[in-house]
Amino acid sequence: MPAHCLRNRRRTVKALVATIKKEHYPMLTKEQVQEIAGAVLDPVLNLPLSEFKAIKNVVVDGDAVAVTVCPGYPVKSVADELASRVKTALTQAGAASALVTVSGEIIAHRVQRTLKTMAGVKNIIAISSGKGGVGKSTVSANFALALAAEGARVGMLDADIYGPSQPTMLGAKGQPTSRDGVNMDPIESLGLQINSVGFMIDPEEPMIWRGPLVAQALTQLLNQTAWDNLDYLVIDMPPGTGDVQLTLSQSVPVTGAVVVTTPQDIALLDAKKGLRMFEKVSVPVLGIVENMALFRCPKCGHLEHIFGEGGAKRMSEQYKVPVLGQLPLDSRIREQADSGLPTVAADPDGEIASIYRQIALRAAAYVARTAKDMSQVMPSVKVVND
């Protein structure tokens, strides 16, 4: 065959291959990639990724695409599933190949309008209860550990002045030191940065302080601790809705609050007061955690709603606030917290730890959907010559 005929045949085959490839893999535009990936449901809240403004760095190179997915919450346990969902959506839409990178970067979100976010702390989540005895501190400890297990930098502030329990629960010992003579360095334990008045007092001595003194002490604990680049600071709030709780809610730059309750009506009455308190001071309530929701008999496996059933669901429907999760009444939770190694750390692959991680991820995902903090952004100045 003459050389020129061979060249023409090669060109024809190449054109045919290109045509077939184009028919099977139509080239997508950046806008189409953004739309397709944004329509994918995230695995935590089952909402479109577009609601998190999660699709970043879209690159289209012929029939190959690359995107970065940054949903704004820690992603260690869901990154693979998230990448798979986005990749499947893009290849089904016509991309010959799709490179999907998932980022767990956390940004600061908006707090009360009269306050600014703290240096060294991006987001503050307050864990509250309307009354004592519902397991708020245990939930707080496991909540913080769950966020850390998902890859976030997390701190814990024990704001329960009258009954500081986080040092015991988190196995943290010692007294905070200061490098500059002004700010305290937090105690580190189980991957958390922790501060509590419990580090500074005799655990057997009662705290006989009036409300204003308590509020002042807590403000100092918060502002004079050298928190080191935290994604989340979890505050174990004092139980109740009195003067101390109100002062803290008004003076601490809180990104969102979580309300802990048990199913019975008496606990729900107080939990509703706590929820309404946060609403009045413009702190978003991220959700409700129903603790001690169900008891499974260790001998026969029978399930019993000892404290009633459906309380958190009714409260959720009344106030349009989601239920983040329900925790069982289980002696292991108490035993592990008492030992200084809460459930998420003691049994990270267990069923109860999985519930705590789901609760923490859902709360973090709701934080990610709130408005970005702009208090630290300097306004731009533009000079125009007339």
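Here are some worked exercises on the predicted model shown above.

Residues are numbered from 1 along each chain as its sequence is written. In this predicted model, local features need pLDDT of at least 70 and side-chain atom pairs count only at pLDDT 80 or more, while totals for chains, interfaces and linings use all residues; side-chain values use heavy atoms, with hydrogens and water left out.

**Exercise 1. The chain as a whole**

Task: Find how many helices and strands the protein chain has, and what percentage of its residues count as buried.

Solution: 
- Step 1. The protein chain has 12 helices and 12 strands. Helices (H or I, at least four residues) and strands (E, at least two) are DSSP runs, numbered from the N terminus.
- Step 2. Of its 386 residues, 47% count as buried. Buried means under 20% relative accessible area, exposed over 50%, and partly exposed in between, with a 1.4 Å probe and protein chains only.
- Step 3. Now take contacts (heavy atoms within 4.5 Å). Among those between residues at least 6 apart in sequence, 75% join residues at least 24 apart.

**Exercise 2. Helix α8 and the residue after it**

Task: Compare the span of α8 with the expected one, then look at Ser282.

Solution: 
- Step 1. α8 (residues 265–280) has 16 residues.
- Step 2. An α-helix has 3.6 residues a turn, so residues three or four places apart point the same way.
- Step 3. Ser282 follows α8 and has a positive phi, near 65 degrees. Most residues other than glycine have a negative phi. Ser282 lies in the loop between α8 and β10 and counts as exposed because its relative accessibility is 52%.

**Exercise 3. A closed space and an open one**

Task: Describe the largest cavity and the largest pocket, with their linings.

Solution: 
- Step 1. Start with the terms. On a 1 Å grid over the protein atoms alone, a cavity is a set of points where a 1.4 Å probe fits but cannot get out, and a pocket is an open set with protein on both sides within 12 Å along at least five of seven lines; lining residues have an atom within 4 Å of a point. Grid points are joined across faces, edges and corners, and a volume is the space filled by probe spheres set on the points.
- Step 2. The structure holds one cavity of 30 Å³ or more, and the largest cavity has about 60 Å³ of space. Its lining includes Leu157, Leu218, Ile235, Ser249 and Val254; α6 (211–223) and α7 (243–251) are the elements giving two or more residues.
- Step 3. That lining has nine nonpolar, one polar and no charged residues. Ala, Val, Leu, Ile, Met, Phe, Trp, Tyr, Cys and Pro count as nonpolar, Asp, Glu, Lys and Arg as charged, and the others, Gly among them, as polar.
- Step 4. The largest pocket has about 580 Å³ of space. Of its 29 lining residues, Leu294, Arg296, Pro328, Asp330 and Ile352 lie nearest its centre, and β10 gives the most, with five residues.
- Step 5. By class, the pocket lining has 14 nonpolar, eight polar and seven charged residues.

How values were computed: The expected span of a helix is 1.5 Å times one less than its number of residues.
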